[in-house]
Every structure is written in C-alpha cells, then in structure tokens.
Amino acid sequence: MQVQKIDLSALARDRGTHSSFGPSSSAMWLNCAGSLIPNLMADDDAGYDAAYGTVAHDVTDQWRKANKKPKHLLGTTVFIERFSQWWGFFVDIDVDMLDHCQTCVDSVALEPGEHFYERRVDFSNLTPIPNQRGTADCIILQPGAASRGARVGARLIVADWKFGTGVQVFAEENTQGLLYAYGAFLEFDMDYDILEIEIRIEQPRISHSDSWVIQRERLIEFAAWVKPRAHAAWQLDAPRKPGPTQCRWCKVRDTCAANAKLQFDLVASAFDDLDKPATVEELGEFKTAASVGLFRQPADLATLTVDEMAAIYEYRGVVDAWWNALELRLRAIADDGGKVPGMKLVEGRSNRHFINERKAAEHLIAHGVPASEVRKVVTCSPAEAEGLLRKAGHRRKDIPELLVGLVRRPPGKPTLVSVRDKRPELVDITEGVFDALD
C-alpha cells in the first residue's frame, strides 16, 4: 500500500494551540484510527449549530464571570467566521439563547465544592505527541464527598454544555467527558484523592439533561484503553473502521472507501446480480460478515431475529449519513461545473407564492372571492407563544403558569431510541386486562 507522504510533526505544529487529539472528536479517532489524520487535513465543515454553540459558550462564560445575566448582549449579532472572513454564520443573541445559557449556569451554580470554569486539562500521557489538551466547561471538586469503607476521598464533577439540536448526547461512555475527567484527575488527584467521578451533559435547546457516575478504577481503565488507540491513530497507514459512532461527524466520510465498502457489505452484494436468488450459504455469510451472527437455530438462516435486526438497525445512521454526504459532494461538483457521469443538474421543484400578498388579496376579493376565504388567521404555536411572552417581558419561570389550561401535548408517535434515553418506556396498556375474566 502506497502511503501519502505527510510530515506529522509539521501537521501538529500547524494546529497551533488546537490539539490534534481533540476530545470533541474523540469518539471518531478512538473507534477509527484512520480517521484522525485525514480529518486534521480536511476543511472545516462545521455548520450553524457549531457557530451557535461558540456564541452561546461565550455568553455563558460572560454570565458566569459577571455573576449576572448579560442583558447588554440581548439583540446583538455575532459573526462566526468559517473558512474566511467573507464566509460564516451570523448568530443572533436573543431571549431564547439567554434562557439556554441560564439553564447551563443554573445547573452547577448551587453545587457545593470548588468550581473551575473553562479549565484546560492535559491528557498528553495518553498520546504520541505532547501538549494535547481540552477545555472543560465546568469542573467541580467536592472534597470528602465520596467514601469507600474507611477511605474518604473527593468527588469530581465534569459538566459539558451542548448547544446543538441535531443529535442527542448522552453522558454514559461519553469519550469527550471521560477525557476531560481524566485530565482533571491527573491534575487534582494527588491533593484530593478522587474516588468518584460524575459526567454531566446539558443540552438545553432540546431540553435534555443527563449524568453518569463511575468510580476511579473505571476512569483508569478508560485511560488504558485510550492510549494504544491514540498511538495507532498517529500513523499514516492507520486502518479505517467505519461505524455508527465514528462516521457521524467525520469530514471525509463521503470520500472514504472503507465507508463505501461498509454500505455495500450491509446490502450483502446486492449490486452483483439483482436477479440472482440468495442461497442459504450466502445468507449465513452475510449474517456473520455483518457481525450479527446471533441466530441460535442454524437452519433458520433466511429470517433475521429481533437481536439481528436491532444490531443491523444500529447502522442506519451511518448509512443515511453516507448517502446524504455523497449526494452533497456530487451536487457540489455539479454546481462548480463539473460533470457527474449519468447525472445532470436541473432546477428543483418549488411552490408558488404571491409576489405581494396584500395586492393579491384585494384582487381576489374584487373578483368575488369572500374576504373570509382569502384572509385566514393562524394562531401562533405554543413554542412561539413562549417566545412572544418572553419578549413581552414575562419571566421564563412564570410562562408555564400563564399557559395553564391553554396547551395540551398529545401523545407522540412511538419511536425507537437507545436505552440510554431518559424517557420512560412505553408499556402495553392492554397487557393483563383479560387475564382475570374467568
């Protein structure tokens, strides 16, 4: 295999103060060693949510330092540069953002112990290069808050504030939070004897909060697991291993041959011969190759079990993401005038709209259409009503009471989610109803 010549030392230097082994991308490089270096060399593709998070973190930090709500920022707009000073995102600091920031500030404000905000922690003893750090939103040390037998030690809390809306983030096995916790552990354990660690996630824009508690031994085990993977990732010929976690935020997933191979493997050579029936042997090979081999009756190879279907379904996210990314890449090539074999760029479908709604309404009424049918009033949604009440000067904590009796939330459509989701599991309300009829 011919390996592209890249000066890794120069690559690390070019990063400046930014760590090559960033905790925020750790789920990627820890699970796919070959993803780290290509992603360091790829262009920044962060979207609006990332820009929003940058501004919200800054607002939260100003709030914390001044110990009061930064009302002077309300109504201002911040430009977050991407690629160049001419391209980026404009982010408005509005009432909703201040509410989200307050959720994060309040989540730790009353927690006892020593607080450290925007704390840089170092975990370079796990990586092949020095000065590998991350910035934790909040670290709290609670001396004497944890005990085991006669031993009394400290409790470490690491809080991470997420302002994205696309993906729900959980605390359990969160590699970013664990790296922050490990860096804090290295810095403070000698003085505090840390026995227990809690990782917290606050994701206020989707009203999500999560926490996970582990013992010091689990954190040490995690560090031992990270070290060989970090060293493996700093190799030019590091192997790629696509999967649901590592491919989600990978910048090169659309051009990754390993990812493409995964998509074809998942459909079990469906493109080789669409008219060819699958044999029992081929079905067995597919189930084994997909790492699903959970069937207990070897004779029943044509039918997937619930366990097998669940294992395959876990890959839906990476499959959808790859096809979407591939479409965007091909469309970008066509937009730039490039030729895509077998495809062409056309104008998409769109909906008609009136150039001037007022004039259109007057015209329709003048031609005999009843005014009541032309001009329709639509009431704002409950979510929009909350924003309007905030703009009208009402406090956030008073808004639920103001809407009592006016709002109902119908049952949502049943949805399959991870068992880590905090929402209660739906139960069959008819179960057992007919048991005692006799």
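View 1. A polar atom on the Gln203 side chain sits 2.7 Å from the backbone oxygen of Val167. Keep in mind that this is a predicted model. The Gln203 side chain also gets to the backbone oxygen of Gly164, this time at 3.2 Å. Gln203 itself belongs to strand E6, which covers residues 194–203. With a relative accessibility of 1%, Gln203 is buried, because the cut-off for that label is under 20%. Leaving aside residues up to four places away in sequence, Gln203 touches Lys162, Gly164, Val167, Gln168, Val169 and His208.

**View 2. Gly166, out in the loop.** Gly166 is part of the loop that runs between strand E5 (151–161) and helix H6 (175–192). Its relative accessible area is 65%, so Gly166 counts as exposed.

**View 3. Glu198 and Arg155, a salt bridge between strands.** Here Glu198 pairs with Arg155, and their closest N and O atoms are 2.8 Å apart. This pair ties together distant parts of the chain, with Glu198 in strand E6, Arg155 in strand E5 and 43 residues separating them. Both ends are buried: Glu198 has 8% relative accessibility, and Arg155 comes in at 14%.

**View 4. Glu173 and Arg218, a loop-to-helix salt bridge.** The side chains of Glu173 and Arg218 meet at 2.7 Å, N to O. Again the pair links distant parts of the chain: Glu173 is in the loop between E5 and H6, while Arg218 is in helix H7 (residues 216–233), 45 residues apart. Both residues are partly exposed, Glu173 at 41% relative accessibility and Arg218 at 25%.

**View 5. Asp398 and Arg395.** In this salt bridge the two side chains come together at 3.0 Å, N to O. Asp398 is partly exposed at 25% relative accessibility, and Arg395 is partly exposed as well, at 48%.

**View 6. Zooming back out.** The protein has 15 helices and 7 strands, and the structure holds 18 salt bridges. Of its 438 residues, 35% are buried. Looking at contacts between residues at least 6 apart in sequence, 62% join residues at least 24 apart. The accessible surface is about 28,700 Å², with 54% of that belonging to carbon and sulfur atoms.

Methods. Residues are numbered from 1 along each chain as its sequence is written. This is a predicted model: local features need pLDDT of at least 70, side-chain atom pairs count only at pLDDT 80 or more; totals for chains, interfaces and linings use all residues. Side-chain values use heavy atoms; hydrogens and water are left out. Helices (H or I, at least four residues) and strands (E, at least two) are DSSP runs, numbered from the N terminus. Buried means under 20% relative accessible area, exposed over 50%, partly exposed in between (1.4 Å probe, protein chains only). Contact means heavy atoms within 4.5 Å. Accessible areas come from the Shrake-Rupley method with a 1.4 Å probe; for residues, only the protein chains shown count as cover. A polar contact is a pair of N or O atoms within 3.5 Å; within protein, one must be able to donate a hydrogen and the other to accept it, and residues adjacent in sequence count only if both atoms are side-chain atoms. A salt bridge is a side-chain nitrogen of Lys or Arg within 4 Å of a carboxyl oxygen of Asp or Glu.
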